[in-house]
Amino acid sequence: MSEEISLMKGNEAIAHAAIRYGVDGYFGYPITPQSEIIETLMEAAPWKTTGMVVLQAESEVAAINMVYGGAACGKYAMTSSSSPGISLKQEGISYMAGGELPCLIVNVQRGGPGLGTIQPSQADYFQTVKGGGHGDYRLITLAPNSVQEMADFVALGFDLAFKYRNPAMILTDGVIGQMMEKVRLPEYRRRRTDEEVRQQCPWATLGKTPDREPNIITSLELDSALMEKNNERFQAKYRVVEENEVLYEEVKCDDADYLLVAFGSAARICLKTLQMAREEGIRVGLLRPITLWPFPTRILHSYADKVKGMLTVELNAGQMVEDVRLAVEGKIPVEHYGRLGGIVPTPDNVLEALKEKVVK
């Protein structure tokens, strides 16, 4: 990690971290509130320094298929968009999951459905962790709650994507994308050579060498029995991810009578609510899922025997709450509080909801 401290937006941190990681290609399309990612990349002009390709495609559909092409060559390829644009990319994401292609996708969420609003939201949770495209597939999903994590999760997302040959997503929102904080950017890494890519990714379509058969990347299999075996292999891989890659943060959970469960910007709000509640003598803890998939099911299940109730706080109508309820298996009440349409709740709003819905 560099010792240099910068002040920048979350979107800008994504762009600078991508250049420093050694990303080979970014393919995107502008949409509020994530346009600063491509704007920062264009301003930095990394094609002059690292050789990184930065291209504004003619559409979101074109962008994700360009990522498909880059990822098929074993390259570090990424894209970013906001909610309606991510919806357009879903077919390509499904194809990449089926072709077992690693890539990084950034979704800086805004309110919907449809064009909705340009204000922040967390309403793409279902789309992301339940599979927005067709088929039984999963996206490794990281939920940053700071500008520093926006920068850090570029490397983490790519590392996990290539470790498991699976698309990864940074699921954030307009609050984190647009807010400015101090950040330490990673040190520069040089881009890999084609020979290094061949060694690390023997499946890559970089051209046939004399010592092997041609590499073919496809998500199509017309033999149903073989397609079932493919899906079984995918599911086995997903179980390994669930076993080894769960990330979460616990704040004052050891002595808590109640838990707030929140991710991303909602978790930042809950930190203040936790402080206010404890000042009133209500022992509240915060559990923040960092990986939304794989989800911290086991740790939430363990707290079902320790606390009296949980409140999920989300900028949506109630989505992650379903996974929390599944995790606790009905042992304790789990309630939801959220705001819609781009409205961000205050810590006082959350405290009032906690008292009304959970604290008895």
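**Loops, strands and rings**

Author: Pro113 lies in the loop between β5 and α6 (125-129); helices (H or I, at least four residues) and strands (E, at least two) are DSSP runs, numbered from the N terminus. Before going on: this is a predicted model, where local features need pLDDT of at least 70 and side-chain atom pairs count only at pLDDT 80 or more, while totals for chains, interfaces and linings use all residues. Residues are numbered from 1 along each chain as its sequence is written, and side-chain values use heavy atoms, with hydrogens and water left out.

Reader: OK, what kind of peptide bond joins Gly112 and Pro113?

Author: A cis one, with omega at about 0°. Thr32 and Pro33 are also joined by a cis peptide bond, with omega about 10°. Pro33 belongs to the loop between β2 (25-28) and α2 (35-44). For background, most peptide bonds are trans, and most residues other than glycine have a negative phi.

Reader: Which way does phi go at Arg165, positive or negative?

Author: Positive, near 50°, and the residue is not a glycine. Arg165 is found in the loop between α7 (147-164) and β7. With a relative accessible area of 24%, Arg165 counts as partly exposed; buried means under 20%, exposed over 50%, and partly exposed in between (1.4 Å probe, protein chains only). Glu329 has a positive phi too, about 55°, although it is not a glycine.

Reader: And where is Glu329?

Author: In the loop between α13 and β14. Glu329 is exposed, at 56% relative accessible area.

Reader: Back to β5, then. How many of its residues are buried?

Author: Six of the six residues of β5 (residues 104-109), so the strand is largely enclosed by the rest of the structure. One side has Leu104, Val106 and Val108, the other has Ile105, Asn107 and Gln109, and all are buried.

Reader: Which strand does β5 pair with over six bridges?

Author: That's β7 (residues 168-173), in the parallel sense; two strands pair if DSSP finds at least two bridges between them. Leu104 stands opposite Ala168 in β7. β4 (residues 77-81) runs parallel to β5 as well, joined by four bridges, and Thr79 stands opposite Ile105.

Reader: How many residues of β13 are buried?

Author: Six of six in β13 (residues 309-314), so to speak a mostly covered strand. Gly309, Leu311 and Val313 are buried on one side, and Met310, Thr312 and Glu314 are buried on the other. β13 pairs with β10 (residues 258-261) in the parallel sense over four bridges, where Leu311 is the bridge partner of Leu260. Five bridges join β13 to β14 (residues 334-338), also parallel, and Leu311 has Glu335 as its bridge partner in β14.

Reader: What does the chain pass through from β13 to β14?

Author: Helix α13 (residues 320-328), and this β-α-β crossover is right-handed. Right-handed means that, with the strands pointing away from the viewer, the path from the first strand over the helix to the second runs clockwise.

Reader: New topic: how many aromatic pairs are there?

Author: Seven. In the pair of Tyr238 and Trp293, the ring centres are 5.8 Å apart and the planes are at 85°, so it is edge-to-face. Tyr238 is in α10 (residues 224-244) and Trp293 is in β12 (residues 291-293), 55 residues apart, and the pair links distant parts of the chain. As for the cut-offs, rings of Phe, Tyr and Trp (its six-membered ring) pair if their centres lie within 6.5 Å, and planes under 30 degrees apart count as stacked, over 60 as edge-to-face and the rest as tilted. Tyr238 and Trp293 are both buried.

Reader: Which rings link into a cluster?

Author: Tyr21, Tyr76, Phe158 and Phe162. The charged end of Arg192 sits over the ring of Tyr76, 3.8 Å from its centre; that takes NZ of Lys or CZ of Arg within 6 Å of the ring centre and within 35 degrees of the ring normal. Lys306 has its charged end over the ring of Tyr303, 5.0 Å from the centre.

Reader: Last one, how many helices and strands in the chain?

Author: 14 helices and 14 strands. Of the 360 residues, 56% count as buried.
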